[in-house]
Amino acid sequence: MSDKAQVNLTGVKQSKGVWLVKVPKYLSEQWDKAPEKGEVGKITIGKKLGKTEVSFSLDAELTARGGVGENDASTQVPREHPFTMHTAGGQTLAVFSQGDGDEIRLEGMVVHRAECRPVVNDDYMRLKKLQLKESTKPQRLSQQLERAVTTIFKPRADHDFNLEHDKKKKTDGKMVRAERQVVLDMLFSAFEKHQYYNIKDLVDITKQPVTYLKEIIREIGVYNSKGTHKSTWELKPEYRHYRSAEEEEEMQTA
């Protein structure tokens, strides 16, 4: 539908009144089978004890519910459908229609609301039984093959990412705890190059178990839980100008 669609409001000037009627799904399906300009049924409006009674009678040619693989006699849909009338409930409702073009036409204002319900008889009970049977049919069915399947999909023993992980684990070997001072020297050396590191990078640099590494870095570092450098470590202010023992010895020699 175009955003610039024109709305034909001729129905307002003509003061057309329309009925808004709720019908069962099977009834609308039967209507779709009717010819383009054919008759789908008749509506009867009468009075009984001063009360208006409305009913719809489906055309006899549309009562057969085909396409379900059963005899027509056992798949007849109910013909008689009395209306249950409802009040508009203080709502202002309108009915619009759209043709082949973009024009939207106001058909009229809703003056009555109703619900079209079938008469509970043998035809209706057979229809409900058939609908229940169709709804319980499994979506997938097993099928016996006449010949064996020649295309065989062999399961993979392992996937590439698992192989890569195992290869890296064998290459790096099992992490062994180094002396605390050695680990400190490696950490200070790394922090001289960059101010911020996440724990994964520090594990790769020091080749130390993550729990052991965290014990050491908590003594000299600060964890950033928020901000631009979230989830990273940096040295405490008092350690940011640290030099290792070897560097201090070289400085003194020089």
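1. A search of the whole structure, which is a predicted model, finds 3 salt bridges, a salt bridge being a side-chain nitrogen of Lys or Arg within 4 Å of a carboxyl oxygen of Asp or Glu. Local features are reported here where pLDDT is at least 70 and side-chain atom pairs at pLDDT 80 or more, while totals for chains, interfaces and linings use all residues. Residues are numbered from 1 along each chain as its sequence is written, and side-chain values use heavy atoms, with hydrogens and water left out.

2. One of these salt bridges pairs Glu-115 with Arg-117, with the closest N and O atoms 3.2 Å apart. Glu-115 has a relative accessibility of 21% and counts as partly exposed, and Arg-117, with a relative accessible area of 41%, is likewise partly exposed; here buried means under 20% relative accessible area, exposed over 50%, and partly exposed in between, with a 1.4 Å probe and protein chains only.

3. Another salt bridge joins the side chains of Arg-126 and Asp-123 at 2.6 Å, N to O. Both residues belong to helix α3 (residues 122-135), where they are 3 residues apart, about one turn of the helix; helices (H or I, at least four residues) and strands (E, at least two) are DSSP runs, numbered from the N terminus. Arg-126 is partly exposed at a relative accessible area of 34%, and Asp-123 is partly exposed at 23%.

4. A salt bridge is also formed by Glu-219 and Arg-180, whose closest N and O atoms are 3.0 Å apart. This pair links distant parts of the chain, since Glu-219 lies in helix α7 and Arg-180 in helix α5, 39 residues apart. Glu-219 has a relative accessible area of 40% and is partly exposed, while Arg-180 counts as partly exposed at 36% relative accessibility.

5. The two helices that carry this pair, α5 (residues 180-193) and α7 (residues 210-220), pack at an angle of about 65 degrees with their axes 11 Å apart. The axes are lines fitted to C-alpha atoms, for helices over the stretch in contact, and angles run from 0 to 180 degrees between N-to-C directions. α5 passes α7 in a right-handed crossing, the term used if the near helix is turned clockwise from the far one by less than a right angle, left-handed being anticlockwise.

6. On the α5 side of this packing, Arg-180, Val-183, Leu-184, Leu-187, Phe-188 and Phe-191 meet Tyr-212, Leu-213, Ile-216, Ile-217, Glu-219 and Ile-220 in α7, contact meaning heavy atoms within 4.5 Å. The residues of this contact divide into 10 nonpolar, no polar and 2 charged, where Ala, Val, Leu, Ile, Met, Phe, Trp, Tyr, Cys and Pro count as nonpolar, Asp, Glu, Lys and Arg as charged, and the others, Gly among them, as polar.

7. Leu-49 has a positive phi of about 55 degrees although it is not a glycine; Leu-49 is placed in the loop between β3 (41-48) and β4 (51-58), and at 85% relative accessibility Leu-49 counts as exposed. Ser-231, also not a glycine, has a positive phi of about 65 degrees, is found in the loop between β8 (221-224) and β9 (232-235), and is partly exposed with a relative accessible area of 38%.

8. Thr-232 is found in strand β9 and counts as buried at 13% relative accessibility. Leaving aside neighbours within four places in sequence, Thr-232 is in contact with Tyr-196, Tyr-197, Asn-198, Val-222, Tyr-223 and Asn-224.
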